[in-house]
Amino acid sequence: MNYKLLRNIIGAVVFLITLIVLLLTVQPTVSFWDCGEFIAASYYLQVPHPPGTPFFLLLGRIFSMIPFVENIGLRVNYISVLSSAASILLLYLIAVKLIENYRGKKPDNLLDALGTYIAAAIGALSFSFSDTFWFNGVEAEVYAFSTFLAAFVTWLMIRWHERADEKDNEKYLLMIAYLIGLSTGVHLMSVLAIVPVVMVILFRKYLEDEEALKKTGILFLIHAGILVLISLAMWSTQKTATPPSPEEYQAYDSRFKMIAAGISVIFIGVFWKKIFTRNSFYMPPFIGGAALFITYPGIVKFLPALMAEVAGDSIIIEILFLAVLFGLLGYAVYFAIKEKKPTLHLAAMSFIFALIGFTTFAMVIIRSNQNPPMNENEPNTFTELVSYLNREQYGDFPVFKRRFATEPHQQVVYTGYSSDLDFFWRYQMNHMMTRYWLWNYAGREGWNQDDGVNIAPSNQLGNLFGKVFNLRFDGSVKDSLFAIPLILGLLGIYFHFRKDWKMASVFMVMFILMGYLTAFYQNQQQPQPRERDYFYVGGFFVFSIWIAIAVRALVDIAYTKAKSNSTKNVDVVGILALGILLVPIKMFAANYYSHDRSNNWLPWDYSYNLLQSCAPNAVLFTNGDNDTFPVWYLQDVEGVRRDVKIVNLSLLNTPWYIKQLKENDPYRVGTLKIRYSDAQITDIRPIAWEPRSVSITIPGNIREGVPQDLFNTYNVSDSSVLKQGSITFQMNPTLNFGSVKAIRVQDIMVKEIVESNLWERPIYFAVTCSEDSKIGLDEYLMMEGMSYRVVPEKRKTGIEFINEDIMKKQLFSDTTSFSKNYRPGFNYRGLNDSSIFMDENHKRMTQNYRNSFIRLALYYLNTNRKDITVKTLDKMDEKIPRKIVGMEMGLLYEIGNLYFNSGGHKQFREYSAEVEKQALQLLEENPSDIQSYYNPYRILIDIYENQKEYAKLADIWQRIQTIYPNDPNVQGNIEKYRNLAKQSTSIEVKTDSIR
């Protein structure tokens, strides 16, 4: 039989299964987070955040031009779909080759062939339906394509390993070098594959004594173990509870490196005769590390910096520099051929190909000079390009000092951990890596940030071991993978090392580099804005290969243990069938609902509704990624509300962004008036600031305008502020440097933009903006949907400050159409559809709609229009049903009270029943919770008071008595409600007798 054809057919089936599933579950348009930025950047070939993704954008531009679907966002999403399906095919082929290589033979018969190919398919499909890979594969982010590049490099590595003795074997290595260069223009994950590639080359071509390799491999492990122990000891002494200064953590890093280097020198010096040989296990990591360093930071950072140092910002000299560099490399190739030095030839050619791949970054400086709408960091000169590639916007961070956070919200790294070692182990290694690994192969507790692992029904067992790794095990059986893929992968590691320890060590290095070492290098502080599992998908790729090896190893065991051919056949078929059922099918079933985005228009609608919350020609301050990047997509790609000027508060701390707001006007809607000169903007820094009163003068022509004009322009109903002649507010400091109080650059510029533009353009803050970002203007912010407008009127006590007409148009809209121009009226696609999965981020963003409904309902209640209050709350539940988009108990309780105070007693009883159920459950789980604001005791007492449930009130107070046994007030309340309950029962009995 033609087993090669069978292998290819099964590979094609694996590819098609993955492709079809991803096509069925892909996001139909823009997603939250960076996707909107990347799609918009692809569409116009713009400049996204550092360090840039030029190759991905070039590919995205091509996809955006192919009219195979209407939505541009979906077109670019297909990059991830196709590259993910291709990654799975490559994983399958790699697994097949690894199995065949360590077995040392081709299949003996059909069952033997199926044992290899189906095992490889199980491993490949385990990756297809893993949580992180599937998430990456249905949106326009760089991680799916980067995974494909890493997979392609790995497949070429295995391909070369098979054909290393053929005449033209170097073509595979040169292709790898080119892909590595290209991958710098996507994401640096695939660059890490250099080290495993070098290991394979040295093992295959230069190894002569395997026994020496083993012995030095043991030395390498001992050496690494000593360094790890020294590191742990050093981190255990770092117990300070205050953030280090940059000088302090730089000094610590220097000391750390000196100690590690000193120990390494001593260790290597002792064993130098064994270490410095061609058969030493040290050679592959040394040479691979050097190759990695040459690529990153060498080609990516040092080469552009050298060019900038030599040529400054002269493009002509920089081109000449590159020409000379290529000329020297070309001469090195010529010399290697002439002198018959194949290693030099390979090294020089590889550098040339990697450099050619890196040249996609020329697009960054070329496009930046065209001033596209998105031009982050404005790297239009070589000097600025160097800054862009070095990610200087994000500041510096240490590599070895584990706790260094200075942000107020990240002080938990000092208060929640006893030392750097405690933080490193519990948070950085296990919470931010092991937990993700187990999410993918054991099961996931849920989809809220920081959720734990799920191996139901064995979560209690998991929690026994989880304490060591700072892992929590919880969740339902439907989301559990029973840890079967995890167990298989661990078995695969064992079997791989047992069968082919050299190749197993290559893939273990790849797993560690793309997993735990990446987590170590990133040195992430707590908390993070979102889960970061997508960083480590390369490590998960390797682990799925081990699942394939484990299945094949189990088949081999069945072969050897079977007493007859018929038993052998049954055992093998049973193992493969169980493997299919318990790995890809179970993973598919557990993850399909949470990864199906086929009808998810929420990010698109949210951004559209935010833009339509702004009057024509407005300025809109936004907070972060999710209220900015999808908005950029709508404006740049779909042409929606281009008249609105977006001002991102995070970017407003950077001079380049301020200059762009002042000077750039891509859609001819006017620049922002900023009175600072370019020189002043370049030098802008936080400034010392004490709390003070700030006034913005109202121009005379506005103060003297007729009341109707003012009403139409600002919806002002109170002219007292206008008569006063200014908006006056208290502006407080937002930074503390010891005893010195200060304000951020963004605060300076918000003040400047408001002062300079308020009377010429409507100014809004998105509802997602934090309180401290509004510089004290809160009393002048009128809600108009998903944004607050700055108006010359002060909020009145006791009445919600909203624009009633606009809010009603926005929230009560039943339209399903869209407008590129200003037209109030929200779209709520999918919010009442239970088939659409919403993770924590989607729910959090959706909650902003509810907040708007509640503000409108409160306004009607404040103005004694109770019937409309009830209608507003009913409309909210119609648009965003609580049974589909759940609410926390506290919010359910507050809405129930709104119904009660508005006369909606039927709805109040419905909400109260739901709140009561949740509160009683919380009471059982944590009976000591009596201090929190929404503690179950307070809520239940309030509900029972409103419903005159006196017997239940007596019971609640009796529970409280177990906490406060000697409190006479508690005893008094118990007796009071018991008496009321008796009276109520007596009245009911008399009423029944009369009837």
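Two strands count as paired if DSSP finds at least two bridges between them. Keep that in mind for the views below, which all come from a predicted model.

**View 1. The whole chain, for orientation.** Here you have 41 helices and 10 strands. The C-alpha atoms fill a box of roughly 100 × 80 × 60 Å along the principal axes. A compact globule of 995 residues would have a radius of gyration near 30 Å, and the chain's 32 Å agrees with that. Of those 995 residues, 55% count as buried.

**View 2. Strand 1 meets strand 8.** Zoom in on residues 619-622, which make up strand 1, and residues 763-766, which make up strand 8. The two run parallel, and 3 bridges join them. Look for Phe621: its bridge partner in strand 8 is Phe765. As a reminder, strands of a sheet pair through backbone hydrogen bonds, either parallel or antiparallel.

**View 3. An isoleucine patch on the surface.** Ile218, Ile222, Ile226, Ile230 and Ile259 make up a nonpolar patch here, with about 370 Å² of accessible area together. Helix 10 (residues 210-236) supplies the largest share, 4 residues. Ile259, meanwhile, belongs to helix 11 (residues 246-270). Ile259 has a relative accessible area of 33%, so it counts as partly exposed.

Notes:
Residues numbered from 1 in each chain as written. Predicted model: local features only at pLDDT ≥ 70, side-chain atom pairs only at ≥ 80, totals over all residues. Heavy atoms only, no water. Patch = residues over 30% accessible without salt bridge, like charges linked within 9 Å, V, L, I, M, F, W, Y side chains within 5 Å. Areas by Shrake-Rupley, 256 points an atom, 1.4 Å probe, with all protein chains shown as cover. Salt bridge = Lys/Arg side-chain N within 4 Å of Asp/Glu carboxyl O. Buried < 20%, exposed > 50% of the residue type's maximum accessible area, 1.4 Å probe, protein only. Rg over C-alpha atoms; globule rule 2.2 N^0.38 Å.
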